[in-house]
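Biologist: I'm new to this one and would like a close look at a single part. Could you put it up for me?

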Amino acid sequence: QVQLAESGGGLVQAGGSLRLSCAASGFIFRTKPMAWYRQAPGQQREMVGIMSVAGITNYAASVKGRFTISRDSARNTVYLQMDSLKPEDTAVYSCNVRLNQMDYWGQGTQVTVSS
């Protein structure tokens, strides 16, 4: 059974850093691209970034240079390092994997950035 579990969210001050984790199970982690999404109140969910099996990353323009995705195949975990956080980064962050054209999601972790 596919399962994704995010952790690491919390309240931070603007300019601060936070590292999110997504523990995956139920599939061969090392064979699938892993993505991070976020959804702020009243806004559509947007892709924050994605990392391929080969380690190639792509980020939303709004987070380039500030966020970094990494993955640890030994731990079946993907990370989102967030630096220089801004209040507009406040959102629920979720990890995602697509398996046979079906998207799987974790329950999300809340990130709140105060001014």
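Biologist: Take W105: is it buried, partly exposed or exposed?

Modeller: First, a bit of housekeeping: this is a predicted model, where local features need pLDDT of at least 70, side-chain atom pairs count only at pLDDT 80 or more, and totals for chains, interfaces and linings use all residues. Residues are numbered from 1 along each chain as its sequence is written, and side-chain values use heavy atoms, with hydrogens and water left out. Now, W105 counts as partly exposed, at 29% relative accessibility (buried means under 20% relative accessible area, exposed over 50%, partly exposed in between, with a 1.4 Å probe and protein chains only). Its ring pairs with that of Y37: the centres are 4.9 Å apart and the planes sit at 70°, so the pair is edge-to-face. (Rings of Phe, Tyr and Trp, the last by its six-membered ring, pair if their centres lie within 6.5 Å; planes under 30 degrees apart are stacked, over 60 edge-to-face, and the rest tilted.) Y37, at 18% relative accessibility, counts as buried. The two partners come from distant parts of the chain, 68 residues apart: Y37 is in strand β4, and W105 is in strand β10, residues 102-105. Strands here are DSSP runs (E, at least two residues), numbered from the N terminus. Y37 also turns up among the residues that Y93 touches, along with W36, R38 and others (contact means heavy atoms within 4.5 Å). By the ring rule, the count comes to 2 aromatic pairs. F27 and F29 form a tilted one, 6.5 Å centre to centre with 45° between the planes. F29 is buried, with a relative accessible area of 2%, and F27 counts as buried at 15%.

Technical notes
Helices (H or I, at least four residues) and strands (E, at least two) are DSSP runs, numbered from the N terminus. Lists of a residue's contacts leave out its neighbours within four places in sequence.
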